[in-house]
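This report is meant for someone meeting the structure for the first time. Please look over the sequence and the model below before reading on.

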Amino acid sequence: MKNDGFTFRKRMKSFRYAFRGIYLLVRYEHNAWIHCAITACVLAAGFLAGLSRIEWVAIVLCIGMVFAAEALNSSIEALADRVSPAYDEAIRRTKDLAAGAVLILAIASAAIGLLIFIPKLY
């Protein structure tokens, strides 16, 4: 890759591409819709429960990590489907591993959410 140096215009363009990626994730990826719905519920519950600053840090990190993992998973799946439209066992394994990574983060995030919210209920 050629490095033409730093310019403000190029950085702004790269941000435009990144925001387009977020738009594509939220607009077209069905699993991201589920993450958005859960995020809305968690944010509403957090405001109602009066979370502390450190609890908000944990919640925001979890939300960000799950969305980032979902974006990576979606990009791996799209690229794999483009490279090998026919069934390929290695592609299947790769896609399953990427999906598993999202699930691991989602489960860990749910556990953190329970650790934060359950004491608020009692």
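## Glu-29 and its surroundings

Apart from residues within four places of it in sequence, Glu-29 is in contact with Leu-24 and Ser-74. The model in which these contacts are found is a predicted one, and in it Glu-29 sits in the loop between H1 and H2. With a relative accessibility of 28%, Glu-29 counts as partly exposed.

Leu-24, one of the two contacts of Glu-29, belongs to helix H1, which covers residues 8-28. Leu-24 is likewise classed as partly exposed, at 30% relative accessibility. Leu-24 and Ala-45 are separated by 21 residues in sequence, and their C-alpha atoms lie 27 Å apart in space.

## Annotated positions in the UniProt record

The UniProt entry, which is unreviewed, uses the feature name "binding site" for several sets of positions, and one of these sets consists of Glu-29 and Glu-77. These two positions are spread over 49 residues of sequence, yet they cluster in space, with a largest C-alpha distance of 11.1 Å. Glu-77 is placed in helix H3, and at 25% relative accessibility Glu-77 counts as partly exposed.

Under "binding site", the unreviewed UniProt entry also lists Tyr-17, Glu-29, Glu-77, Lys-95 and Asp-96. These positions span 80 residues of sequence and are spread in space as well, with up to 26.7 Å between C-alpha atoms.

Lys-95, which is among the positions that the unreviewed UniProt entry names as "binding site", is located in helix H4. Its relative accessible area is 21%, so Lys-95 is partly exposed. When neighbours within four places in sequence are set aside, Lys-95 is in contact with Asn-73, Glu-77, Ala-80 and Asp-81.

## Glu-70, a buried annotated residue

The "binding site" annotation in the unreviewed UniProt entry also covers Glu-70, a residue that lies in helix H3. Glu-70 counts as buried because its relative accessibility is 3%, a value that falls under the 20% limit used for that class.

Not counting residues up to four places away in sequence, Glu-70 touches Leu-25, Asn-31, Ala-32, His-35 and Val-102.

## The largest pocket

The largest pocket has a volume of about 380 Å³. It is lined by 18 residues, and the closest to its centre are Ile-38, Val-42, Ala-106, Ser-109 and Ala-110. Sorted by class, the lining consists of 14 nonpolar residues and 4 polar ones, with no charged residues.

Which helices each supply at least two residues of this lining? They are helix H2, covering 30-49, helix H3, covering 53-83, and helix H4, covering 89-121. Of the contributions to the lining of the largest pocket, that of H4 is the most, with 9 residues.

A disulfide is a covalent bond between the sulfur atoms of two cysteines. The structure holds 0 disulfides, and Cys-41 accordingly takes part in none, the nearest cysteine sulfur being that of Cys-36, 11 Å away. Cys-41 counts as exposed, since its relative accessibility is 57%.

Cys-62 is buried, with a relative accessible area of 6%, whereas Cys-41 is exposed.

Key: Residues numbered from 1 in each chain as written. Predicted model: local features only at pLDDT ≥ 70, side-chain atom pairs only at ≥ 80, totals over all residues. Heavy atoms only, no water. 1 Å grid on protein atoms, 1.4 Å probe; cavity = no way out; pocket = protein on both sides within 12 Å on 5 of 7 lines; lining within 4 Å. Points joined across faces, edges and corners; volume = space filled by probe spheres on them. Helix = DSSP H or I, 4+ residues; strand = E, 2+ residues; numbered from the N terminus. Nonpolar A, V, L, I, M, F, W, Y, C, P; charged D, E, K, R; others polar. UniProt positions renumbered as here; feature names shortened; annotations may be inferred. Buried < 20%, exposed > 50% of the residue type's maximum accessible area, 1.4 Å probe, protein only. Contact = heavy atoms within 4.5 Å. Disulfide = S-S within 2.5 Å.
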